[in-house]
Amino acid sequence: MRLTLQRPWPRTLVARLFLIFVAGLVLAHTMSFALLFYERYNATRTMMLGDLERDVAVAMDVLDRLPAAERPAWLTRLSNGNRQYLLGPAEADQPLTLPEARSAAAAIAAALHEERPLSIRAMADDPRHIQAEVSLGDGGKAVLDIHLQMPPLARWLPLVLALQLGLLVLCAWLAVRLAVRPLTRLAHAADGIDLERKQPPLSETGPREVAQASAAFNAMQARIGAHLAERMRMLGAISHDLQTPITRMKLRTEFMDDSVEKTKFEQDLDEVQRLIREGIDYARSAQGNQEAPARIDLAAFLDSLVCDYQDTGRDVTLVGEAGGPLATRPHALRRVLGNLIDNALKFAGSAEVRVERRGPQDVSVYVLDRGPGIPEAELVAVLQPFYRVEASRNRGTGGTGLGLAIARQLAAGVGAALLLTNRPGGGLAAELRIQEAPPA
């Protein structure tokens, strides 16, 4: 088996682009610095050799014309930088090995024009340290002591280069963020599309490409919304139109003789009529967010709802404190809670309504039962229309697969989220997380 090592690579587009830009900038900056250093080296070398030719020719002429007693006083005047003039024999005794040393020796020889005996050697401990021994006219010896080294860089140069690189990196980061931000905003908008709520359109300002992408997204969102609205209208219209022939068929069964076939036929008609009625309810639930928000006393609202069930002999109880008032869409809220309570009564025979205040504008209402529950793998799927859990919630129990879908859609209409979980010990917990409704 061949093993391949995966190189670490950032997962976000911002990090990848930034890494590419920074790598390019650092490489370009390094090449620029290397070229600058190379040009500086050549210029300094040329200038140093040119100065060396002029300096050694003048210095040796001066020392040759001076009396031997006055020569020591002139040594400090003739010396400068890395070049020193000495009297006496040279100490260097090694051949020249470096190209820089040979270039300096050639310049010195060219400056003296072979007029004086010349010997150039390198020091044993430092090949960059060379000495040129020149014989003067009176037989004395003068030595040019040279340290072949580049002048040090200015202290401000690395700081300026670092600041320049930092500025380029900052500009690259801002450019990457500016380029990727519209894509991120578009991705968030696409991820946040809620088919049950009308989302505000994206801003179509900015560069032309960004404005075009935002306009295309807004048009797509509008088409999806129009398609869903048309589908709901079609479902409502078909369900409504089917009620008339179903009613006629039920009237005709009244004139039929009593028989097993008549009973089965009536049951089938009742089931079709129930499906049609829930189809209409599902289509209408899509319009739940058109109700104007109102401020209600949540405690009194829930107590009234539970009491209505208790008055009809249903086993429904209320637990918990609702706290202060809540701004919501009350009719849609009553429908969704009623749907959840009916669902619990159908499959468990009893229901418990529990309320918990999570914050000033956040409250959770639970509808709890001890029924058969829902398999964990289907807790999300049961919220889709016409989905039924065959093992427990099938047509034999009167289910059409629209009850929880209607509840979810109505919950979205009041700005709430419907969450289903199985209770420890058996049963289903339907949580309605309600937030303050926005002003109409």
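Q: Glu431: buried, exposed or partly exposed?
A: Glu431 counts as buried, at 9% relative accessibility. Buried means under 20% relative accessible area, exposed means over 50%, and partly exposed lies in between (1.4 Å probe, protein chains only).

Q: What kind of model is this?
A: This is a predicted model, where local features need pLDDT of at least 70, side-chain atom pairs count only at pLDDT 80 or more, and totals for chains, interfaces and linings use all residues. Residues are numbered from 1 along each chain as its sequence is written, and side-chain values use heavy atoms, leaving out hydrogens and water.

Q: Back to Glu431. Which side chain does it meet in a salt bridge?
A: Arg433, at 2.7 Å from N to O. A salt bridge here is a side-chain nitrogen of Lys or Arg within 4 Å of a carboxyl oxygen of Asp or Glu. Arg433 is partly exposed, at 38%.

Q: How many salt bridges are there by this rule?
A: Four. Another one joins Glu352 and Arg354, at 2.6 Å from N to O. Arg354 is partly exposed, at 30%.

Q: What does Arg71 pair with?
A: Asp138, with the closest N and O atoms 2.8 Å apart. This pair links distant parts of the chain, 67 residues apart. Arg71 sits in helix H2 (residues 71-78), and Asp138 in the loop between strands E3 (129-135) and E4 (141-147). Helices (H or I, at least four residues) and strands (E, at least two) are DSSP runs, numbered from the N terminus.

Q: Arg71 and Asp138: buried or partly exposed?
A: Arg71 is buried, at 5%. Asp138 is partly exposed, at 49%.

Q: New topic. Which residues touch the most other members of the largest nonpolar core?
A: Leu298, Leu333, Leu337, Ile341 and Leu420, out of 42 residues. Such a core is a set of buried Ala, Val, Leu, Ile, Met, Phe, Trp, Tyr and Cys residues joined through side-chain atoms within 4.5 Å.

Q: Which element gives the largest share of this core?
A: Helix H8 (330-348), with eight residues.

Q: Where is the other core?
A: It lies apart from this one and has 26 residues, among them Leu63, Ala105, Ala107 and Ile146.
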